[in-house]
Every structure is written in structure tokens, then in C-alpha cells.
2 protein chains.
Amino acid sequence: MHPADRFSSAIAASHSIACVGLDPRPALIPPELVADSLSRHGDTVEAVAEAFLTFNRGIIHAITGHCAAVKPQVACYEAYGPAGMHCLFETIRFARERGIEIIVDGKRNDIGSTAEHYAQGWLGSAPGLGGKSLPGWGGDWLTVNGYLGADGIAPFTGKAPTTTGIFVLVKTSNPSSGELQDQALADGSAVMEAMARLVQRWGQGRQGTCGLNDIGAVVGATWPAQARRLRELMPDTLFLVPGYGAQGGSAADAKAGARPDGSGILINSSRGIIGAWKEKTYAGLPWTDAARAALEAMNKDLE
Amino acid sequence: MHPADRFSSAIAASHSIACVGLDPRPALIPPELVADSLSRHGDTVEAVAEAFLTFNRGIIHAITGHCAAVKPQVACYEAYGPAGMHCLFETIRFARERGIEIIVDGKRNDIGSTAEHYAQGWLGSAPGLGGKSLPGWGGDWLTVNGYLGADGIAPFTGKAPTTTGIFVLVKTSNPSSGELQDQALADGSAVMEAMARLVQRWGQGRQGTCGLNDIGAVVGATWPAQARRLRELMPDTLFLVPGYGAQGGSAADAKAGARPDGSGILINSSRGIIGAWKEKTYAGLPWTDAARAALEAMNKDLE
């Protein structure tokens with residue numbers, strides 16, 4: 001199925017446009033999991049990887065059916081070497097088995113022949129020594145940095161839509177995103193608008209039946225005015241919106257880039273959901289219940 | 001030692017400004033290694049990972065002392081899942097033990113709090129569950145995409161130089177690099193020049209005794225005129241130059257961005273070295289000898 005159509009179905013079924021960021025960090029792991037992993041593995045990367053995986057499985061179990069997607073942040077796993085990457089692999093597998101849409105947040109980018117390897121790994125399969133097709137990590141979507149232009153993008157998309165898609169960084173949520181992205185071009189628009197026009201061009205003719213493309217855009221919740229402008233430039237593009245909650249974006253800010261009918265956006269929260277057990281609001285709840293309750297509060301806030 | 005000074009020493013000791021790209025692909029693996037791995041593991045990711053590692057070790061052994069650095073391309077390993085990443089880890093370890101400078105080509109990028117995890121993983125260490133510092137992959141340098149601005153860069157560099165450094169993408173070697181990077185800004189310069197000015201600003205006061213910063217720039221060999229202009233904007237910046245050889249850049253093109261005294265550049269070749277055994281020029285040589293001979297030819301060509 002066209003990946004944007006799959007999203008439409010997931011949103012309809014879960015009544016949610018929320019995406020839960022699976023960004024585990026030691027400080028977000030509940031004490032009982034920490035103690036358990038330390039006792040078995042000592043203070044090692046193996047302990048971190050085991051605790052992250054147990055934590056992610058609990059979170060995924062708690063939120064399944066109540067959000068549109070999960071978004072593992074690759075950096076959190078890569079920080080712990082091969083053990084961390086194995087944890088990411090198992091996390092994706094666990095989410096896949098539960099049918100949740102998986103956005104791999106890797107912001108990958110390279111020249112064409114190299115981008116091809118990233119595409120094989122994250123969204124497809126790579127050739128074995130004997131010519132067999134070896135499945136990769138199993139993501140449904142991958143975030144991608146478009147600084148290299150079309151031939152760094154094409155390997156991820158192919159000539160026609162398949163079952164996977166990408167989100168290209170257009171306007172990121174961080175404070176210094178404007179240093180390059182807001183610079184004024186000769187025609188009076190900003191660099192991010194140039195990127196938006198590229199995303200719009202790359203997405204031509206790639207709509208699913210829901211009307212959205214398989215080439216989405218990352219547009220931070222922290223810049224609502226820019227999001228409205230970017231929506232004009234990319235009418236058929238699915239926006240992945242980070243920066244809601246912990247980073248400061250309100251529900252209205254996060255929804256600023258929606259299409260006139262309210263569709264076309266996915267709003268991510270990471271710490272706000274997976275770290276809910278640390279918040280006063282959810283004190284006393286088991287960490288899985290806290291995550292679920294925080295997600296329900298987010299869904300309500302976004303209604 | 002300041003990482004740029006380490007490079008100066010490596011260049012002086014090896015009489016080479018070459019960097020060898022460790023970008024293994026099944027088609028570049030000699031038949032005897034393919035047969036051996038297939039017989040032990042079947043047509044699996046484990047077979048690929050084992051063959052890549054044996055291949056990389058042979059290449060590293062053959063080129064040690066005759067180049068300034070090695071540059072593993074993360075995508076080639078990521079394509080094969082956790083097994084591929086384990087192979088990358090062991091490749092870096094093998095190179096470290098031989099004292100070769102290691103540039104991890106990952107083009108990583110994210111908002112500050114996330115970039116921190118990439119920095120911990122590739123260039124430093126990450127906190128364990130018990131607070132211990134857990135060493136990561138062990139790279140000396142990491143390539144980074146600067147589209148997110150300063151707060152996506154700062155986590156990699158810290159406030160003052162350490163023993164590691166980064167290379168920020170400024171002008172990439174691929175055909176469509178100009179789609180964004182060449183767009184004209186309001187002041188008449190191009191987007192890549194805006195990126196160059198950011199790199200120059202970020203590098204202020206970060207020189208080693210050799211006069212070069214720990215924040216370098218990626219400037220493709222395929223764009224010599226642009227490289228000369230970018231050198232004007234970044235006088236104290238080490239240029240990592242991909243695109244020589246297989247991608248079409250000549251020695252003169254690749255050296256276009258050097259400083260007036262010829263310093264300040266590192267020129268990468270991947271397929272041209274590691275795939276030399278497939279070339280008619282080196283027919284009959286063992287693949288390790290072919291790599292070494294191709295590297296010597298490259299060094300001569302760059303003189």
C-alpha cells in the first residue's frame with residue numbers, strides 16, 4: 001500500500017495524529033529496569049541496550065492503537081555502539097509485529113551511490129555476496145536531509161511510490177535552525193522555501209489515494225508562521241512535526257501547518273510520552289500507564 | 001593532541017594527503033573472500049559482514065603508512081543491519097590499533113540534544129546506567145551536515161578543541177549538489193558560501209599549532225572553481241575532498257582548494273584504491289598489493 005495511505009488508515013483507526021518518539025536515554029529509564037540490567041550486565045553498553053529494549057517494548061505495548069506511528073531516534077542507539085544498534089533492530093521488529101507505522105529518524109544523506117545503501121538498509125534490502133536480497137532494519141519511513149539535492153533523494157524513493165516513504169528536513173525545530181534555513185535568497189524567499197519547492201517538485205505525481213505524497217517534510221512546531229507558509233508551497237505533503245511539548249510548541253503551533261481540512265500532519269512527542277512517569281501529573285502510575293495516559297492527554301490536546 | 005595537528009603529523013610522516021575510503025560493497029570483494037564467507041555463513045548478512053571485515057583488514061594493512069587517513073562510509077555497513085555495524089566497529093578498532101587517523105563518514109545531523117548522542121557515539125563516550133563513561137565507536141573525525149545551524153554543530157565540538165574534529169558539508173561532489181547549494185542569496189553569494197561563512201565563524205579561535213581548525217569542510221573535487229572561492233572564505237579550514245578518481249575529479253581539480261602553500265587538503269579515493277584489484281592496470285596482483293600500488297599511483301598523481 002502507498003505509505004501515505006497507510007498513514008491515513010492508521011490515523012483513522014487510532015483517532016490520533018500523534019507519533020511517539022522512541023528516544024531512550026539512561027535518565028528516562030525507570031529505576032527498576034536500571035537496577036535489573038545493572039545487576040545482570042554491570043555498567044556496560046549491554047546493560048544500556050537491554051534496558052532500552054525492555055523499556056521500548058513496554059512503551060510500544062502501552063501505546064499501540066492510540067497513536068499513528070512510532071519514531072525511533074537513531075542517535076540514541078548509535079551512542080551505544082553495536083549493542084545499541086542491535087537494540088534498535090529489535091525495537092523496530094517488535095513495533096512491526098504490532099503493525100505500528102515506523103518512522104526511522106536518522107536524517108540520513110549522501111551522494112546517490114551511497115544514499116542507495118542507506119535506502120537498502122533502512123527501507124529495503126541489500127544484496128548478499130551470493131546475490132540474495134537481505135532485508136534491512138525494516139523501517140516504513142526515514143527522515144532525510146536534502147542538502148545534497150535530487151540525486152541524494154532519488155535512491156530513497158525510486159521512480160514511483162512503493163510501500164515506504166521519506167520525510168525531508170525543511171524547517172527544523174531547533175533555535176539555530178534559521179542560521180541557514182532562514183537566509184534570504186535573491187528572489188526574496190528563504191532557503192527553507194527553496195527546500196520546500198524542491199520537496200514539492202520531487203513529490204509531483206507521487207500521491208496516494210489520500211492525496212498525500214510519499215515524500216513528506218519535517219517542519220518544526222516551534223515555527224508556526226513558517227509552517228503556514230510552507231504548507232502553501234507543499235499542499236500535498238505530509239508534515240512530520242517535531243518540537244511539540246518538551247521543546248516548547250503548543251498544540252496550535254504544532255497544527256499550524258495542517259491542510260485546510262486538518263489533515264496532512266503528524267505530531268511527534270518523545271520525552272513528553274516516554275518520560276511521563278517522571279512527571280508529577282502521573283506520579284504513582286506504573287511507567288507504561290504513565291506513557292499511555294500522557295499520550296491520551298496529547299491526543300485530547302490536539303483534537 | 002589537536003586533531004588538525006595530528007593530521008599534519010600524519011601527512012608529514014606518510015608523505016601523503018590521501019585518504020582511503022573504506023566503502024566495501026559485495027562487488028568489490030575478491031572472489032576468494034566471497035567463496036570463503038559464503039561457505040561458512042551462507043548468503044547472509046553475517047557472510048557480508050565477515051567478508052567486509054577481512055577485506056578491510058587486508059586493505060588497512062596494505063596502506064598503513066602510505067596515506068594520511070581512512071574514511072569508512074557508514075552507509076555501506078548500515079545496509080547490513082547490526083551485523084554490518086559490528087563489522088564497522090571492528091574495522092575502526094583495527095585501524096585505531098595501527099594508529100591511522102579515522103574519518104567516520106556519516107554526515108550526521110540533528111538538533112542539539114540529539115546531536116549530543118551522535119557526538120558521544122562516534123567521537124566520545126556515552127553515560128552508562130550506573131554513570132560510567134562508555135566509549136563509543138572510536139572515530140577521530142565525523143562528517144556532519146550543517147543544515148540545522150550552530151546548535152546542531154556545537155555538541156560535536158565543545159567550547160574548545162579536544163582530540164576529535166568534524167567536517168561540515170559545504171559543497172558536495174554529486175551532480176545535483178547545486179540544486180540547493182548553488183542557489184543565489186540576496187547578497188549575490190550562493191547557499192554554499194553561506195554555509196562556508198558559518199563554518200568559518202564556528203571555527204574562529206579553534207586552530208591547532210599547524211594553523212588549521214578542528215572544524216573542517218567537505219568540498220568536492222568535481223567543483224574546482226567553487227573550491228577556490230570557498231578557500232577564500234575559509235582560509236584556516238581543513239578541506240576533505242571527495243570526488244577524485246572514480247567520480248571524475250582530476251588531481252588538479254582535487255587540489256584546487258589547497259592553501260597557497262599546498263596545505264589544508266585531504267583527498268579521498270574509495271573505489272580507486274579498494275577496487276584496484278578489478279582494474280586491468282593491476283591484473284595479476286593480489287588485491288592487497290593492488291590497493292597499495294593504486295595508492296602509490298594516487299600519491300604520485302597528487303604530488
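Two strands pair if DSSP finds at least two bridges between them. With that in hand, welcome to a predicted model, in which local features need pLDDT of at least 70, side-chain atom pairs count only at pLDDT 80 or more, and totals for chains, interfaces and linings use all residues. Residues are numbered from 1 along each chain as its sequence is written, while chains are lettered from A and ligands numbered from 1 in the order in which they are written. In chain B, eight strands form a closed barrel with parallel pairing, and chain A is superposed on chain B by a rotation of 180°.

- Helices (H or I, at least four residues) and strands (E, at least two) are DSSP runs, numbered from the N terminus.
- Strands of a sheet pair through backbone hydrogen bonds, either parallel or antiparallel.

**Strand β1 of chain B and its partners**

- β1(B), residues 18-22, runs parallel to β2(B), residues 69-72, and four bridges join them.
- Looking along this pairing, B:G21 has B:K71 as its bridge partner, and B:C19 stands opposite B:A69.
- With β10(B), residues 265-269, β1(B) also pairs in the parallel sense, over three bridges; here B:A18 has B:I267 as its bridge partner.
- Is β1(B) buried or exposed? Five of its five residues are buried, so β1(B) is largely enclosed by the rest of the structure.
- A residue counts as buried if 20 or more other C-beta atoms lie within 10 Å of its own, exposed if 12 or fewer, and partly exposed in between, with C-beta atoms placed from the backbone.
- B:A18, B:V20 and B:L22 point one way from β1(B), B:C19 and B:G21 point the other way, and all are buried.

**Helix α9 of chain B**

- The 12 residues of α9(B) reach 17 Å from the first C-alpha to the last, close to the 16 Å expected at 1.5 Å a residue; the expected span is 1.5 Å times one less than the number of residues.
- α9(B), residues 191-202, lies across β7(B) and β8(B), running at about 160° to β7(B).
- For that angle, axes are lines fitted to C-alpha atoms, for helices over the stretch in contact, and angles run from 0 to 180 degrees between N-to-C directions.
- Nine of the 12 residues of α9(B) are buried, so this helix is largely enclosed by the rest of the structure; among them are B:V191, B:M195 and B:W202.
- Which elements cover these buried residues? The cover includes α8 and α9 of chain A, together with β7, α8, β8 and α10 of chain B.

**How the two chains meet**

- Two residues are in contact if their C-beta atoms, placed from the backbone, lie within 7 Å.
- The contact takes 67 residues from chain A and 67 residues from chain B.
- On the side of chain A that touches chain B, α6(A) gives the most, with six residues.
- That side has 35 nonpolar, 25 polar and seven charged residues; Ala, Val, Leu, Ile, Met, Phe, Trp, Tyr, Cys and Pro count as nonpolar, Asp, Glu, Lys and Arg as charged, and the others, Gly among them, as polar.
- The rotation of 180° comes with 0.0 Å of shift along its axis and an RMSD of 0.0 Å, and the two copies are thus related as by a two-fold rotation axis.
- Copies are superposed by least squares on the C-alpha atoms of residues with pLDDT of at least 70 in both.
- Since 100% of the interface residues of chain A are also interface residues in chain B, the copies meet through the same surface.

**A closer look at chain A**

- A:V45 is found in helix α3 of chain A and is buried, with 23 other C-beta atoms within 10 Å.
- Leaving aside neighbours within four places in sequence, A:V45 is in contact with A:Y80, A:G81, A:A83, A:G84 and B:L134.
- The C-alpha atoms of A:V45 and A:A83 are separated by 6.3 Å, and these residues are 38 apart along the chain.
- In helix α10 of chain A, the buried residues are A:Q226, A:A227, A:R229, A:L230 and A:R231, and they pack against β7, α9 and β8 of chain A.
- A:H15 lies in the loop between α1 and β1 of chain A and has a positive phi of about 55° although it is not a glycine.
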